[in-house]
Amino acid sequence: MTSFSSDVLVHPVILCGGSGTRLWPLSTSAIPKPFLPLVGEQTLFQETLARVTPDAGFATPIIVAGRQHRALIETHFAAHLAPADYSLIVEPAARGTAPAIALAAAMLDPSAMMLVCPSDHHIADLPAFHGAVSAACALAQEDRLVAFGIAPDRPETGYGYVRRGAPLAGGYEIAEFVEKPDLARAKAYLGSGEYSWNGGIFMFRAGVLLAELRRHRPQMIEQVEAALSQSVREGAATLPAAEPFSKIVGESIDHAVMENTKHAAIVPVEMGWSDIGTWAALHDALPSNGAFRSDTEGNHVSGNADLVDCRGVFALSDGPRISAIGLEDISIVVHGAEVLVTTRDGAQLVGQLPGAQQS
């Protein structure tokens with residue numbers, strides 16, 4: 001187990017929301033992406049928790065999740081941890097990452113250091129992650145709001161980007177947040193060396209975040225605090241009141257705070273990161289020696305599948321045989337009664353399929 005170097009106790013805040021519809025038919029509303037063992041034997045949620053354990057120097061994790069995921073989370077912790085070893089905040093409604101993070105911040109001491117992590121990402125290089133945590137912690141102690149910038153290795157059009165500004169000790173000021181670009185701009189970003197992917201991982205003091213929300217989204221923080229003031233405790237879970245929270249206009253932390261604050265910073269890091277956002281992204285993240293069978297043509301297979309003269313094919317079946325000949329850069333997923341076939345580019349659109357919307 002690696003750990004990070006800091007004299008400040010860091011509170012992990014793990015965001016467990018969304019349905020992962022782009023990984024349909026495996027990911028469904030009943031068992032969404034965070035609770036699937038996609039890259040290894042552990043689920044992505046378990047991987048996330050394993051990166052921020054007390055043994056590595058972190059405080060008790062705070063999980064923020066919707067009501068539909070509460071049972072899955074509590075079942076996991078019942079097998080691994082006592083209720084005193086974690087906190088769960090149950091969102092009454094999905095309102096984006098800004099209100100979710102604000103709920104956690106409002107329950108912490110204003111001086112508390114928060115590390116915000118999505119629950120459904122994969123990070124292959126744990127020491128690099130912990131090194132970035134140390135660098136971000138140092139910047140956040142100077143009241144910076146720090147984003148982790150993922151080193152891009154291709155002109156990706158499915159991610160937002162961050163452009164680096166003036167250098168800081170251990171990082172940079174943020175010059176600009178950029179929405180998902182077209183291919184031409186993505187190639188230009190990659191070639192410039194000035195841009196990182198926005199991986200959705202952040203660090204800041206709780207009080208600093210709340211102050212920025214009061215400055216830029218005062219109504220949101222008022223509604224968050226009202227919901228918490230009327231909250232109910234059930235064991236390790238806090239249930240904010242639904243009526244004030246449901247009135248919040250949903251927004252991401254990027255739009256609500258990071259793009260508006262004058263104190264944003266970025267720590268670039270190369271840590272084998274993937275959001276496992278599509279079947280193509282999962283294909284890219286799989287190790288050559290993992291549970292999937294791989295070959296020299298870049299194919300990855302799990303289950304009953306035969307590939308002939310194929311390159312870059314991802315094939316997964318929980319039963320029926322997949323037989324493919326002469327295909328390139330295709331994903332084939334058979335799960336129960338559902339069959340999905342998509343190109344790499346088409347993988348971004350899987351969530352729009354009727355089956356994914358109804359799952």
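## The loop at Asp 329

Asp 329 sits in the loop that links β18 (322–325) to β19 (330–335). The model is predicted. In this model, Asp 329 has a positive phi of about 55°, although it is not a glycine. Most residues other than glycine have a negative phi.

Ile 276 is not a glycine either, yet its phi is positive, at about 45°. Ile 276 belongs to the loop between β13 and α10 (279–285). Its relative accessible area is 0%, so Ile 276 is buried.

Another backbone feature involves Pro 25. Most peptide bonds are trans. The bond from Trp 24 to Pro 25 is cis, with omega near 10°. Pro 25 is found in the loop between β1 (10–16) and α1.

## Ser 274 in strand β13

Strand β13 covers residues 273–274, and Ser 274 is part of that strand. Ser 274 has 7% relative accessibility, so this serine counts as buried.

What does Ser 274 touch, leaving out residues up to four places away in sequence? The partners are His 121, His 122, Ala 281 and Ala 285. Ser 274 and Asp 55 are 219 residues apart along the chain, and their C-alpha atoms are separated by 24 Å.

## Helix α1 and Phe 45

Helix α1 runs over residues 44–51 and includes Phe 45. This helix is mostly covered, with seven of its eight residues buried. Those buried residues are Leu 44, Phe 45, Gln 46, Glu 47, Thr 48, Leu 49 and Arg 51.

Phe 45 has a relative accessible area of 1%. That is under 20%, so Phe 45 counts as buried. Setting aside residues up to four places away in sequence, Phe 45 touches Ile 14, Cys 16, Pro 34, Phe 35, Ile 63, Ile 73, His 76, Phe 77 and Ser 119. Now take Ala 124. Phe 45 and Ala 124 are 79 residues apart in sequence, and 14 Å apart in space from C-alpha to C-alpha.

Cys 16 is buried, with a relative accessible area of 1%. Cys 310 is buried too, with a relative accessible area of 4%.

How many disulfides does a search of the whole structure find? The search finds zero. A disulfide needs the two sulfur atoms within 2.5 Å.

## Arg 70 in helix α2

Helix α2 spans residues 67–80, and Arg 70 is in this helix. Arg 70 has a relative accessible area of 19%, so it is buried. The cut-off for buried is under 20%.

Beyond residues up to four places away in sequence, Arg 70 touches Leu 88, Val 90, Glu 234, Ala 237 and Leu 239. Arg 70 and Ile 89 are 19 residues apart along the chain. Their C-alpha atoms are separated by 9.2 Å.

## How α3 packs on α6

Helix α3 (residues 97–106) packs with helix α6 (residues 206–216) at an angle of about 130°. Their axes are 9 Å apart. The angle makes α3 oblique to α6. The crossing of these two helices is left-handed.

Which residues meet here? From α3 come Ile 101, Ala 102, Ala 105 and Ala 106. From α6 come Ala 206, Leu 209, Leu 210 and Leu 213. By class, this contact of α3 with α6 has eight nonpolar, no polar and no charged residues.

## How α6 packs on α7

Helix α6 also meets helix α7 (residues 218–229), with axes that come within 5 Å and cross at roughly 125°. That makes α6 oblique to α7.

On the α6 side, the contact is made by Leu 210, Leu 213, Arg 214, Arg 215 and His 216. On the α7 side are Pro 218, Met 220, Ile 221 and Glu 225. The residues in this contact divide into five nonpolar, one polar and three charged.

Technical notes. Residues numbered from 1 in each chain as written. Predicted model: local features only at pLDDT ≥ 70, side-chain atom pairs only at ≥ 80, totals over all residues. Heavy atoms only, no water. Buried < 20%, exposed > 50% of the residue type's maximum accessible area, 1.4 Å probe, protein only. Axes fitted to C-alpha atoms, helices over the stretch in contact; angles between N-to-C directions. Helix = DSSP H or I, 4+ residues; strand = E, 2+ residues; numbered from the N terminus. Parallel < 35°, antiparallel > 145°, perpendicular 65-115°, else oblique. Left-handed = near helix turned anticlockwise from the far one by under 90°. Contact = heavy atoms within 4.5 Å. Nonpolar A, V, L, I, M, F, W, Y, C, P; charged D, E, K, R; others polar.
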